Amino acid sequence: QVQLVESGGGSVQAGGSLRLSCAASGYIYSNHWLGWFRQAPGKEREGVAAIATGGRSTYYADSVKGRFTLSQDNARNTHYLQMNNLKSGDTGIYYCAARSSAYGPGTAMSAMTYEYWGQGTQVTVSS
C-alpha cells in the first residue's frame, strides 16, 4: 500500500516562504515520478513541480519557476517543495503524488497520470 503524507502548509504573507514535505512509504516502483499539485477554490487541480527519481531533471509550472524548488531525500523517502516569494495566487491545497516511471516528462504536470495521492495541505498567502 503506497502512502503519501504531506506536511508544512500554513498561512504566510505575500513574499514569505514555506517548505512542504511529502513522506512516502510502500512504494512499489523502483523508479517513479514524484509531483506536487495544487487546487484553488473553484479551480482545477494544476501541476506545480515534478521529478523522476531515477533522473536529474525537475519540471516546474511557468507560474512558479524561479520561486519553487523541488528536492528529494531518498534515504528518508521524502521530497520537499521549497516555496519562496509566495504570492496570493499560490493559495490552495497542495497535494503530493506519485506515478510509474513508465510515463514520460511530457505528462509530468498531468494530474490524471498520477496514481497515488496524499491528503493535501493548505497553503494560504495573504497580500
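**Strand pairing, cores and disulfide**

Ser-21 has Tyr-80 as its bridge partner in β8. The structure is a predicted model, in which local features need pLDDT of at least 70 and side-chain atom pairs count only at pLDDT 80 or more, whereas totals for chains, interfaces and linings use all residues. Residues are numbered from 1 along each chain as its sequence is written, and side-chain values use heavy atoms, with hydrogens and water left out.

In total, six bridges join strand β3 (residues 18-25) to strand β8 (residues 78-83), and the two run antiparallel. Strands here are DSSP runs of E with at least two residues, while helices are runs of H or I with at least four residues; both are numbered from the N terminus. Two strands are taken to pair if DSSP finds at least two bridges between them. Strands of a sheet pair through backbone hydrogen bonds, either parallel or antiparallel.

The pair β3 and β8 belongs to an open sheet of four strands, ordered β1-β3-β8-β7, with antiparallel pairing. At its edges lie β1 (3-7) and β7 (68-73), each of which pairs on one side only. On average, neighbouring strands of the sheet are turned by 15 degrees against each other, direction ignored. For this angle, axes are lines fitted to C-alpha atoms (for helices over the stretch in contact), and angles run from 0 to 180 degrees between N-to-C directions.

β7 and β8 are also joined by six bridges in the antiparallel sense. Within this pairing, Phe-68 has Met-83 as its bridge partner in β8. The hairpin of β7 and β8 has four residues between the strands, and Asn-77 takes a positive phi there, near 50 degrees. Asn-77 is not a glycine and is partly exposed, with a relative accessible area of 38%. Buried means under 20% relative accessible area and exposed over 50%, with partly exposed in between (1.4 Å probe, protein chains only). Asn-85, in the loop between β8 and β9, likewise has a positive phi of about 50 degrees without being a glycine. Its relative accessible area of 42% makes Asn-85 partly exposed. Strand β8 itself is mostly covered, with five of its six residues buried.

Leaving aside residues up to four places away in sequence, Val-5 touches Ser-21, Cys-22, Ala-23 and Gln-119, where contact means heavy atoms within 4.5 Å. Val-5 and Gly-35 lie 30 residues apart in sequence and 13 Å apart in space, C-alpha to C-alpha.

In soluble globular proteins, nonpolar side chains tend to be buried together. A nonpolar core is defined as a set of buried Ala, Val, Leu, Ile, Met, Phe, Trp, Tyr and Cys residues joined through side-chain atoms within 4.5 Å. The largest such core has 24 residues, and those with the most contacts inside it are Trp-36, Val-48, Phe-68, Leu-81, Met-83 and Tyr-94. At least two core residues are supplied by each of β3, β4 (32-39), β5 (46-52), β7, β8, β9 (92-100) and β11 (121-126). The largest share, four residues, comes from β3. A second, separate core of seven residues includes Phe-37, Ala-50, Ala-108 and Tyr-114. Not counting residues up to four places away in sequence, Val-48 touches residues including Trp-36, Phe-37, Tyr-59, Phe-68, Leu-81, Tyr-94 and Met-109.

The structure holds one disulfide, a term applied to a pair of cysteine sulfur atoms within 2.5 Å. The disulfide joins Cys-22 to Cys-96, with an S to S distance of 2.1 Å. The link of Cys-22 and Cys-96 is right-handed, with 60 degrees about the S-S bond. Distant parts of the chain are connected in this way: Cys-22 lies in strand β3 and Cys-96 in strand β9, 74 residues apart. Cys-22 counts as buried because its relative accessibility is 0%. Cys-96 is also buried, with a relative accessible area of 0%.
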